[in-house]
Amino acid sequence: MNKKSIITMMLALVTMTGLAQTKTATVTGYSPALKDGTLVLAGAGMSGTVVDTVQSGRFAFTLPVEELTVGTLFLEGEDCPDFTFFLMMKPDVTVKLTGTDCFYPLWNVDSPIPEQQTLNRITEHCRDVIKELIENEQNKDWDKLDSINMVLMEQEIDILPSLPVDAASLFVLWRISRPLINMKGFPYMQQLKDLEKSFSARAPKGFEDQLAEIHTYIYPPHVLQVGEEAVDVEIFDMQGNTHHLLEGLSDGRYVLLDFWSIGCGPCRLSEPEMREVCGRMKDKLEIVGINQDNLSTWKNNDFSKSIVWKNWNDGKMGSSVASRYCDVGAVPYYVLISPDKRIVWKALGYNPGYFLGMSETFNCPKQDNSSNLGLVVRHVDANADGTKVNFRFYTKKGYWFRIAKESYLMANGKKYKLTAADGIKLDVDNFPEVNAFTAKEEYIGEINYSDFTLTFEPFDIIPTTFDYKEGDGEDVFVIRNISIE
């Protein structure tokens, strides 16, 4: 046998070995009601991508899975509901979905996976309310949405005690428990607490982490607020190395916690500005991305791999960190921590200009921004004639902002009224025109800024710190604990 043949055989063996090690799950579906061209989105985890297009009512796809996994399915097409369907996937197992309409969350699921039988029993028990949810979505009767979802949660809680404690029933319990951080007066809390206690007692070994996460949602720890001292948490990178969440504070830098998920559009939209600021402020700022997806989804996604700052996960879909820092269970969520371990800013969602404003504050008087980090106090001049506060506001080109005449400073237990404005018109739209950053990405485009100065009544006694409030409304700009240097 010649050398070329030997090399060819070796390459073939390597290829076959690689193929043998690639584990996949297969899902097929059919309904005569599906329109050709309907998009099939799926994923082994909480987010999905387009995996097939319906032809003659049929679709099929395979996904890489290493173990038993909760997968997602979403059909995007005419008459299909806006509804994410969950199913169990397992290596080398084919799951068959069949129906006669477009209501795929209620289709028959033929699977040898025992945990899928658990999900099937839950679906059958809740069939009527799931159908009502689908019809409500199609009729766009949004006023009923919350009440129908509450009925669904009640029915799921009712059937869970009769089911085995397995990956499927724990997933449903997790899905019920996770939104509680955003709810007040949940009417079935005692039943949920009893259910969690029962599951903990009956669960086989191997589910300790899932049960611990569910416990934090039902019995949430204190959520840290602006002004409080940050707490450290162990977390790890893609290579499995353990880190400390706040290790960047040891060299005097600020730490920005970025809670994000692969399926979150605003999380991705924030990335160009965040990347720019990361490069500009590397000596003063460390960014720590805390991913909220399962480990497989996180590690195998191309966007996740492209992140240039610290990209970490706690193995619990971010819950051990989020339960301490996030007021709501949604992303993107940002928390800025100062070198002295104080939380100085928290925000849900992304607005262009957030991170440029954040970087500006590192060279300005100390301040706790609790409404919009795009608004920054750059300088304070307090004397007997009045207090002049110089501001800068960052936002996307073409966006406007307003400053109200009712703005005031709060110090010494009293309000100090606004008396003059320079560089801005009060109570009208102002459009920043000075360019701060231009991104290649179309959505971000240009971010501009405006500088302006507001003058307030003089302080009776010059304080160490004061607050700025743009009036007493709920959605006004607020900057707290502004230091006078």
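**Aromatic pairs and a capped, enclosed helix**

Phe 391 and Phe 452 are both buried, a term that stands for under 20% relative accessible area, with over 50% called exposed and the range in between partly exposed (1.4 Å probe, protein chains only). The model is a predicted one, in which local features need pLDDT of at least 70 and side-chain atom pairs count only at pLDDT 80 or more, while totals for chains, interfaces and linings use all residues. Residues are numbered from 1 along each chain as its sequence is written, and side-chain values use heavy atoms, with hydrogens and water left out.

The structure holds 23 aromatic pairs; rings of Phe, Tyr and Trp (its six-membered ring) pair if their centres lie within 6.5 Å, and planes under 30 degrees apart count as stacked, over 60 as edge-to-face and the rest as tilted. The ring centres of Phe 391 and Phe 452 are 5.3 Å apart and the planes stand at 10°, so this pair is stacked. Phe 391 belongs to strand β18 (residues 386–396) and Phe 452 to strand β22 (residues 446–456), so the pair ties together parts that are 61 residues apart in sequence. Strands (E, at least two residues) and helices (H or I, at least four) are DSSP runs, numbered from the N terminus. Both rings also take part in one aromatic cluster, formed by Phe 391, Phe 393, Phe 401, Phe 452, Phe 456, Tyr 468 and Phe 477.

Attention now turns to helix α5. Of its 11 residues, 9 are buried, so α5 is largely enclosed by the rest of the structure. Among these buried residues are Phe 171 and Trp 174. The buried residues of α5 pack against β5 (69–76), β6 (85–89), α2 (114–125), α4, α6 (189–202) and α7 (208–218), where contact means heavy atoms within 4.5 Å.

Asp 166 caps the N-terminal end of α5, with a side-chain oxygen 3.0 Å from the backbone nitrogen of Ala 168. The side chains of Asp 166 and Thr 118 are joined by a polar contact of 2.7 Å, that is, a pair of N or O atoms within 3.5 Å; within protein, one must be able to donate a hydrogen and the other to accept it, and residues adjacent in sequence count only if both atoms are side-chain atoms.
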